[in-house]
Amino acid sequence: RYSLFYNHLKNIEENEGGLDKFSKSYKTFGVNQFSDGGIYCKEWAPGADAVFLAGDFNDWNPLSHPYTKLEFGKWELFIPPEQDGSSPVPHGSKLKVVIRTQSGDLLYRISPWARYVVRDEDKVNYDWVHWNPPQSYIHKHPSPKRLKSLKIYESHVGIASPEGKVASYKNFTYNVLPRIKDLGYNCVQLMAIMEHAYYASFGYQVTSFFAASSRYGTPDDLKEMIDIAHSMGITVLLDVVHSHASKNCEDGLNNFDGTDSCFFHSGPKGTHQLWDSRLFDYANWEVLRFLLSNLRMWIEDYRFDGFRFDGVTSMLYHHHGIGTGFSGDYHEYFGLHVDEDALCYLMLANHMIKFLHPECITIAEDVSGMPALCRPVEEGGGGFDYRLAMAIPDKWIQIIKELKDEDWNMGNIVHTLTNRRYEEKYIAYAESHDQALVGDKTLAFRLMDAEMYTNMSVLSPLTGVIDRGIQLHKMIRLITHALGGESYLNFMGNEFGHPEWLDFPRIGNNESYHYARRQFNLTEDHLLRYRFLNAFDRDMNKFEERFGWLASPPGFVSEKHEANKVIAFERAGLIFIFNFHPYQSYVDYRVVICHSSLIVIFKYKILLDSDAAEYGGHQRLDHSTEYFSEEYPHNYRPNSLMVRYFFVLFSSELLK
């Protein structure tokens, strides 16, 4: 694998002038304006017989502006400036690349490199609009320094409003970013930014890879949003989709040059049978140019701080993970079923990003557990910084859905939270957007279900279902946060147990926006119990910021007691104790401490208590109580302490 990567890198250096120049092709391909007002156009259409540019500027004459054919399937066109030095293609003009196929047909296409596409309300397809404003947005704030403890708020701009409509970049900038900051998240991961014609695809059926979605606003609105996030110290990641592309032809990449290949594999190999989308040919030189340039454009033009690569499992294997389970045995990761070209592309992408922008972060969405995916490329690894711990939300769903409370297996929970490859960083999460979508259920909805509609008011009786749901919602998120990885992720709204599911407007729901929104207003109503979950999530993040357990070595688990349903572990100098027993409380319960000193005594106090009144608990603990370490062996460790608790987290400090 490293040999294939090295050969690609060597060829780029020898034939393309280096990786810097190769990945900067977004400045020459498509339609670009020179400083003198002239327009330079360049496309890759290897299957075309001829290529033309048409649009408002030439009254849509399809043949008046032909491209000149270059080698390797490339085409170029230069349009000189007007006599007064102005551009012959004004800002806001509509354009199309006109492809004459080998059979003589004329195809009107959007350039794969288009920066801005819009759809009129009375139309089905998108139009390509030349975006070259007299004054583009100028970034004012530097990107935040690389974070040690990454706390990610997974977000979708369009649903980020209580109103039933497509929300805007402006709304997110001025209404949602302050909320994210207040909650203690230091990173926002933006979904559905790359333009996608079908809103209900959640942004995963991309049609224009270089265009920021116009349904939320202009490119400058997005740039301002990222700039304001940076001013708050928030890192911004893009959910990038390079694993597949929409099958749309008129406003997508499919059939761009009149053939079924071009950017994709030809025939059945070029179609994902479950997603009904096209699959890139990562062995093709121009596909590598396109995808690498795409990453660089998002970093340098918009100032994104990194990427979450979607669908990595599909990329890594020729079977795309369809009908395949992964046990962790190494034969599953090495063999002819692995798509080495796709893996090499990912290595090139990570190498380029780290070479040109070493502060950027990359995340892999891989369910297979490919070894070394998050090790440096120079070690033969994939080069990612983090991978998603995708087994954790599946485990919580399985437990809540299938098991009685008294049958919860503490050892199995601990194993799932700690089962990760050595020195590969994982992003832990209890739930993401996947669990919020229609057809699935969030943790809150699984725990409380229909009673969320009737009993979330503090004026109504606290039923057993609501009480159990609120307490477990907090505990599940805290133990996942503290034990499950080196970073943490939450999907917007789930921090406060957002009711119902997420469903975009479509024919099946009469194009309704009712479920395509986030009801942040629920946390602001002091008569509703959602505020308790919101406050706990905020303080959990604030304490992590203070003590940095995500950046600390993995936790030491000192107890996973099946009969008592207790899990205890230590991380970053904190003792975490969880009582998952459905009805048993404990008095004078002994737990291990990792300090081995026999000379000093350590004093502990309660730091975060999920049973506190401000978090919707029963306030059964005295927070003024102090607990002292003892030279008393317990669970094969020399020192321990005695506590009385229900669901608590302790902090340590030295008593001299």
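Trainee: How much space lies in the largest pocket?

Mentor: Rolling a probe the size of a water molecule over the atoms shows where empty space is left. Here the largest pocket holds about 780 Å³ of space. A pocket is an open set of points on a 1 Å grid over the protein atoms alone, where a 1.4 Å probe fits, with protein on both sides within 12 Å along at least five of seven lines. The volume is the space filled by probe spheres set on points joined across faces, edges and corners. This is a predicted model: local features need pLDDT of at least 70, side-chain atom pairs count only at pLDDT 80 or more, and totals for chains, interfaces and linings use all residues. Residues are numbered from 1 along each chain as its sequence is written, and side-chain values use heavy atoms, with hydrogens and water left out.

Trainee: Which residues lie nearest the centre of the largest pocket?

Mentor: Of the 31 lining residues (those with an atom within 4 Å of a point), Tyr204, Trp275, Asp310, Glu365 and Asp434 lie nearest the centre. Helix 6 gives the most to this lining, with three residues. Helices are DSSP runs of H or I with at least four residues, strands are E runs of at least two, and both are numbered from the N terminus.

Trainee: What span does helix 7 reach?

Mentor: The expected span is 1.5 Å times one less than the number of residues. Helix 7 (residues 340–356) has 17 residues and reaches 24 Å from first to last C-alpha, close to the 24 Å expected. At its start, a side-chain oxygen of aspartate 339 comes within 3.2 Å of the backbone nitrogen of aspartate 341.

Trainee: What covers the buried residues of helix 7?

Mentor: Buried means under 20% relative accessible area, exposed over 50%, and partly exposed in between (1.4 Å probe, protein chains only). The buried residues of helix 7 include Leu343, Tyr345 and Met352. Among the elements that cover them are helix 1 (2–15), helix 5 (285–300) and strand 18 (361–364).

Trainee: Is helix 5 mostly covered or mostly open?

Mentor: Helix 5 is mostly covered, with 14 of its 16 residues buried. At its start, a side-chain oxygen of asparagine 284 reaches to within 2.9 Å of the backbone nitrogen of glutamate 286.

Trainee: Why does serine 460 count as buried?

Mentor: Serine 460 counts as buried because its relative accessibility is 15%. This residue lies in the loop between helix 11 (443–448) and helix 12 (464–483).

Technical notes: Contact = heavy atoms within 4.5 Å. Polar contact = N/O pair within 3.5 Å; in protein donor to acceptor, adjacent residues only side chain to side chain.
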